[in-house]
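Thanks, everyone. Please look at the structure while I speak.

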Amino acid sequence: MSLHVELLQHTGEPEKIISAAAKLCYSSAGVSDILNGLDQAGIQRFLKMLMEMGHESPIEHVSFTFGIEGVSRALLAQITRHRIASYSVKSQRYVKEGQFEFITPPAIAADEAAHSLYQQSMEMAQQTYNQLADILFEKYYAENIKEGLDEKKARNQAEKKAIEDARFVLPNACETKMIVTMNARSLMNFFHHRCCSRAQWEIQALANEMLRLVQEVAPTLFAHAGPSCVAGPCPEGKMSCGRATAMRKQYKKENEDG
């Protein structure tokens, strides 16, 4: 299953809202008048000033909500390390993985022997999951009936408890879906870390697609977004990929093409 990302919703006129917040910091205008006079030239002026000053708090006033699917549970463990965000994720406690989709790393897909072994592992995980779910269901169902629950309730509760335990054998490769909301400042931080060439391939692909989507609705705000080296020195020290110049050219071209 392949990566799919949609920008489901975002703050209306995000760049104008940020500019209004910045204007309020440096103007005597009241809140009723703060949006007045903010034409495109004024918006770009305020955004450029903010970026040059490193005054990032005004960009927290706008947020972006993404629908994401075709990603692994391994990616879920990485993305939730970005804590200033909201996440809603498909639950393996409540949704039975009757035939789970899974993500295949490109390096494995490109190697016939590795791919065959990988497929076998996924099939074995599915079989084990199904068997465990069946065994545990019968156990919990019998207990529920013994406790006096009606058949429908006994079945529903038994299945939930069964898959809650059976899921422990599911692999990191198991596909998941999520809705993620971040404010623009958190997104900038996310792009700094996850667009980096040293980021793991799957989350780097996700970050690049999210960046492409937000640049469509807020091109000035995200004009210099991307890995940290795009707008400044590489922060990786001796761990640097050594490709900062190439990365700057890559993201500058992508921004211009967008």
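Let me begin with L221. Leaving out neighbours within four places in sequence, L221 is in contact with E15, I18, L47, M51, I59, A184 and M188. Bear in mind that this is a predicted model.

Where does L221 belong? L221 is part of the largest nonpolar core, which has 45 residues. The members that touch the most other members are I68, I79, L187, F191, M210, L221 and F222. Which elements give two or more residues to this core? They are α1 (14–26), α2, β2 (63–72), α3 (73–79), β4 (175–183), α7 (184–194), α8 (201–217) and α9 (244–257). The most comes from α8, with 7 residues. Another core, of 12 residues, lies apart from this one, and Y129, A133, A166 and L170 are among its residues. As background, nonpolar side chains in soluble globular proteins tend to be buried together.

Next, L50. This residue is in helix α2, which covers residues 40–53. Is L50 buried or exposed? L50 has 0% relative accessibility, so it counts as buried; the cut-off for buried is under 20%. Not counting residues up to four places away in sequence, L50 touches I18, A22, H55 and P58. In sequence, L50 and I18 are 32 residues apart, while their C-alpha atoms are 9.5 Å apart in space.

Now the aromatic rings. A pair of aromatic rings is described by the distance of the centres and the angle of the planes. How many aromatic pairs does the structure hold? There are 6 aromatic pairs. Take F100 and F102: their ring centres are 6.2 Å apart and their planes are at 65°, so the pair is edge-to-face. The cut-off for edge-to-face is over 60 degrees. F100 and F102 are both buried.

F190 and F191 make a tilted pair, with 6.0 Å from centre to centre and 55° between the planes. F190 counts as buried because its relative accessibility is 0%. F191 is also buried, with a relative accessible area of 0%. Ring pairs link F190 and F191 with F64 and F222 into a cluster. F191 and F222 were also named among the core members that touch the most others.

One last item involves a charge and a ring. The charged end of R155 sits over the ring of Y141, 5.0 Å from the ring centre. That is the end of my list.

Notes:
Residues are numbered from 1 along each chain as its sequence is written. This is a predicted model: local features need pLDDT of at least 70, side-chain atom pairs count only at pLDDT 80 or more; totals for chains, interfaces and linings use all residues. Side-chain values use heavy atoms; hydrogens and water are left out. Helices (H or I, at least four residues) and strands (E, at least two) are DSSP runs, numbered from the N terminus. Buried means under 20% relative accessible area, exposed over 50%, partly exposed in between (1.4 Å probe, protein chains only). Contact means heavy atoms within 4.5 Å. Rings of Phe, Tyr and Trp (its six-membered ring) pair if their centres lie within 6.5 Å; planes under 30 degrees apart count as stacked, over 60 as edge-to-face and the rest as tilted. A charge sits over a ring if NZ of Lys or CZ of Arg is within 6 Å of the ring centre and within 35 degrees of the ring normal. A nonpolar core is a set of buried Ala, Val, Leu, Ile, Met, Phe, Trp, Tyr and Cys residues joined through side-chain atoms within 4.5 Å.
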